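Here is a short briefing for a first look at this structure. Please keep the sequence and the model side by side as you read.

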Amino acid sequence: MTNRSSLQTKLMLSDLYASNTVYTSRPSYISNPWLDPEEHQSNFLTGRELIIADNMPVIVHKASVTDKLEQLFAEIGKSLPQNVYTFSDKSSYEMLLKNLVKEQQKTIYFQYIHDPSLLSKEAYALDKDIFVALNNKAKIPKWTNDKYLPQREVVAFEAFEERVQAWQFPFVIKPGDDLPTAGGYGVMICYNDTDLSKAIQRIRDAKSATKQLIIEQKIEAVANYCVQFAYSHNTGVQYIGAAEQITNDYGFYHGNQNVNNVPSHVIKAGEEIMKNGVAQGFFGIAGFDLLVDKFGDVYAIDLNFRQNGSTSMLLLEPSLNKGYHKFYSYVASKDNAKFYQTILKYVKQGVLFPLSYYDGDWFEHEAVNSRFGCIWHASSKEEVESLESLFLKEVST
């Protein structure tokens, strides 16, 4: 089992950002049709990077830093971070952002862009225009030097329904504008006419926020990697590892697992993309979704010039049990107390590494299900699958 008294990472967030920078991973309260997560899920996301932040201040919802997280962290020899700014709702979140920027002269490193009515571009630690351009799916060819590309077509909203009829199943539809997406929420994989009809209706519903769309060949992949790099002026470009993405047939994200022996040409492709981003002015952590087909060819299907769900798993690798690692998150289905006690049981066993805990019991006037972000770490995939199966059975009965 891992040594609980000496938590280590490959690097910390504070190694990458200026001392006057504050991090927020919460999506904006002003939603868009391609990223419309439930409010508690958005609040839950704010605690995901606490354990790797080190000295970097992080904006966190109050329900994500209660005594329950403190107890979970104590089990791995970690104290509850003190470098946090907390909020409780939309008003306090937006007020906090404005205070940090206008009164405390901080800059904000955003995981997702926020509405311009809230803060000006000068509030962004990473130039907002650069951040938006690097994460725009329509511009992927520019950042890959026109390499690693599936067959694709970028079409205007008005021309989409006609143009898509020329494509043969299966194919993928994605928004091609500046609005952020996450977790496969903006990806529409079409295997048949039923899937296409659903996609068309969803696109029609997003008419007010969508100027163009991407139609893309669906790659029959044998491997799906999220290849991640970090960059700062002091550290240079660093490869921090790759995780294999776990998705269903329709591209929705279900976590990550560690992977050994990533092909060197996959890492090289990711490094080339990272350097292109750095040349534009990017700094921080980025992860690129790179597929490999049966011929060994690499395809870049999404470029996330921001932290990814599995970033913590990769950075914390030195402090995890050797073997198999799986990053995932869970939501209590019935009893928050039982959910927490079951989590605590497996953390104490040394097979479940806590990253975040959103305490539903913090809310006094509404019933809220608790949420937990974690890394399973044991000797083999089979052992983790067995442990996870027992865990899910315990929390659901």
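**Briefing**

Glu 38 is partly exposed, because its relative accessible area is 38%. The scale is simple: buried means under 20% relative accessible area, exposed over 50%, and partly exposed in between (1.4 Å probe, protein chains only). This is a predicted model, in which local features need pLDDT of at least 70 and side-chain atom pairs count only at pLDDT 80 or more, while totals for chains, interfaces and linings use all residues. Residues are numbered from 1 along each chain as its sequence is written, and side-chain values use heavy atoms, with hydrogens and water left out.

**Salt bridges**

- The whole structure holds 15 salt bridges, each a side-chain nitrogen of Lys or Arg within 4 Å of a carboxyl oxygen of Asp or Glu.
- One of them joins the side chains of Glu 38 and Arg 371, at 2.9 Å from N to O.
- This pair links distant parts of the chain, 333 residues apart: Glu 38 is in the loop between strand S1 (21–24) and helix H1 (39–45), and Arg 371 is in strand S16.
- Helices (H or I, at least four residues) and strands (E, at least two) are DSSP runs, numbered from the N terminus.
- Arg 371 counts as buried, because its relative accessibility is 12%.
- Glu 153 and Arg 163 form another salt bridge, at 2.7 Å from N to O.
- Glu 153 lies in strand S5 (residues 152–156) and Arg 163 in helix H7 (residues 157–163), so the pair ties together parts 10 residues apart in sequence.
- Glu 153 is buried at 19% relative accessible area, whereas Arg 163 is partly exposed at 34%.
- Glu 220 and Lys 218 also meet in a salt bridge, at 3.9 Å from N to O.
- Glu 220 is exposed at 54% relative accessible area, whereas Lys 218 is buried at 17%.

**The eight-stranded sheet**

- An open sheet of eight strands runs in the order S13-S12-S9-S10-S11-S14-S16-S15, with antiparallel pairing.
- Two strands pair if DSSP finds at least two bridges between them.
- Strand S13 (298–304) and strand S15 (352–358) are the edge strands, and each pairs on one side only.
- Eight bridges join the antiparallel strands S9 (residues 221–232) and S10 (residues 236–247).
- Tyr 231 stands opposite Val 237 in S10.

**Position of Tyr 191**

- Tyr 191 sits in the loop between strand S7 (188–190) and helix H8 (193–205).
- Tyr 191 counts as partly exposed, because its relative accessibility is 31%.
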